[in-house]
Structure formats: structure tokens, C-alpha cells
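Morning, everyone. I have one chain to show you, and a few minutes to do it. Please take a look at it first.

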Amino acid sequence: MSVQERKERERAERERLIVATARELAEQHGWDAVTTRRLAERIEYSQPVLYSHFRGKREIIGAVALEGAAELAAAVRAATSAADGPRARVTALARAYLDFAARNPAVYDAMFSLDGGLAFAKADTPEPLKDAFAALLDSLGEVAGDGVHPGLFTEVFWAALHGLATLTRAGRLPPEDTERRTELLVDRLAVL
């Protein structure tokens with residue numbers, strides 16, 4: 001291994017450590033607790049080293065969001081691949097999405113509530129975000145209904161899931177009814 005390859009590997013490892021530590025702090029104490037000073041202390045590197053990877057908290061949030069998008073896509077695909085038939089796939093997708101949001105609140109916030117400097121639904125949208133949407137579209141496109149654009153239907157279904165996840169987490173909807181809401185969403189919105 002050349003010196004350059006070793007340096008690149010070490011840089012990538014530091015970057016993964018910064019992102020993992022930011023996630024951990026955010027999940028434990030909220031995003032307000034994630035500061036460059038606290039991160040530098042936790043990873044035992046100086047703040048200038050941290051700034052050599054990320055220009056600030058916004059970029060760190062963006063990195064966490066991209067990692068989360070890849071994880072969400074994998075979770076949705078794993079759940080839907082085991083389902084038999086359109087209704088089962090859409091139900092599995094909804095459950096996987098809501099479960100991901102509940103298990104990873106700080107990551108979910110990084111993806112959809114905080115400014116991570118990422119472009120959504122644009123030509124320069126990062127690939128992990130596009131792939132997460134594609135994971136939803138793969139199962140939802142088939143149940144959009146006649147004359148309904150599959151991408152538009154996926155956006156509406158996603159918005160409904162996001163609303164359920166956000167309102168449940170905020171205590172606006174009782175969590176014990178999550179399964180009934182999921183079934184209602186699938187039954188009323190998807191053409192099965």
C-alpha cells in the first residue's frame with residue numbers, strides 16, 4: 001500500500017468516525033448537543049482536523065442524512081422483498097419506513113427536518129437520496145392506479161408516511177394506533 005493510499009484510508013476512517021460520533025450524540029442528546037467542539041473532544045482530534053473533513057455542522061448533518069437514506073433504502077428493500085403481492089409489499093414498506101423513523105429519530109431529523117445542504121428532487125440530488133426514493137417507488141409505482149403518475153403517487157404516499165412518523169413521534173398521535181393507521185393508509189390510498 002502506498003503512502004497516498006494509506007492517507008486516503010485514514011482520512012475516510014476519520015470521516016466515518018466523525019459521522020458516527022455525530023449520530024451517536026444526536027440520538028442521545030439531540031442535534032443541539034452536536035457541536036464541533038464536542039465532536040472534536042469525543043473523537044480526540046482537534047477542531048481544525050474536523051474542519052478539514054466538514055465545513056461545519058450543516059455538512060455533518062448532510063453526511064448523516066445521506067447515510068440514513070442508504071439505510072432507509074436497504075430497510076425498505078429488505079422488507080418488501082420478503083412480501084408476497086402488491087398489498088403485502090406496500091404494507092411492508094409502510095411498516096419499514098415508520099419503524100426506521102421511530103428507531104432513528106436523529107437520523108430521520110437529519111434527513112427530513114434539518115438543513116444538511118442537500119438538494120431534493122433536483123438534478124444534483126445526491127445518489128443515496130435518489131436511491132431511497134427509488135426504493136419507495138419500486139413498490140408504490142405498481143399501486144398508483146390508472147392515469148396516476150407513479151412518481152407523484154410515491155410522493156403523496158411518502159408525505160403521508162412522513163406525517164404519520166412525525167406526528168406520532170411528537171406525541172400528537174397515540175402510538176398504539178400506528179398499525180391501524182398503516183392499514184388504513186394502505187387500504188385507502190393504494191389501488192390494490
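Let's start with charge. The chain carries 25 positive and 29 negative side chains, with Lys and Arg counted as positive, Asp and Glu as negative, and His and the chain ends not counted. The centres of the two sets lie 4 Å apart. Each charge is placed at NZ of Lys, CZ of Arg, CG of Asp or CD of Glu.

A word on the source. This is a predicted model, where local features need pLDDT of at least 70 and side-chain atom pairs count only at pLDDT 80 or more, while totals for chains, interfaces and linings use all residues. Residues are numbered from 1 along each chain as its sequence is written, and side-chain values use heavy atoms, with hydrogens and water left out.

Now the fold. The chain has nine helices and zero strands. Helices (H or I, at least four residues) and strands (E, at least two) are DSSP runs, numbered from the N terminus. The C-alpha atoms fill a box of roughly 55 × 40 × 30 Å along the principal axes.

How much of the chain is buried? Of the 192 residues, 38% are buried. Buried means under 20% relative accessible area, exposed means over 50%, and partly exposed is in between (1.4 Å probe, protein chains only).

Look at helix α6, residues 105-112. Six of its eight residues are buried, so α6 is largely enclosed by the rest of the structure. Those buried residues are Ala106, Val107, Tyr108, Asp109, Ala110 and Met111. Their cover includes α1 (3-29), α4 (57-81), α5 (86-103) and α8.

Next, the rings. Rings of Phe, Tyr and Trp (its six-membered ring) pair if their centres lie within 6.5 Å; planes under 30 degrees apart are stacked, over 60 edge-to-face, and the rest tilted. By this rule there are six aromatic pairs. Why is the pair of Phe112 and Trp158 edge-to-face? Their centres are 5.6 Å apart and their planes stand at 65°, so the pair gets that label. Phe112 lies in α6 and Trp158 in α8 (residues 150-169), so the pair ties together parts 46 residues apart in sequence. Phe112 is partly exposed, at 22% relative accessibility. Trp158 is partly exposed too, at 23%. Ring pairs also link Tyr97, Tyr108, Phe112, Phe120, Phe133 and Trp158 into a cluster.

The charged end of Arg14 sits over the ring of Tyr45, 5.8 Å from its centre. The rule asks for NZ of Lys or CZ of Arg within 6 Å of the ring centre and within 35 degrees of the ring normal.

Terms used. Contact means heavy atoms within 4.5 Å.
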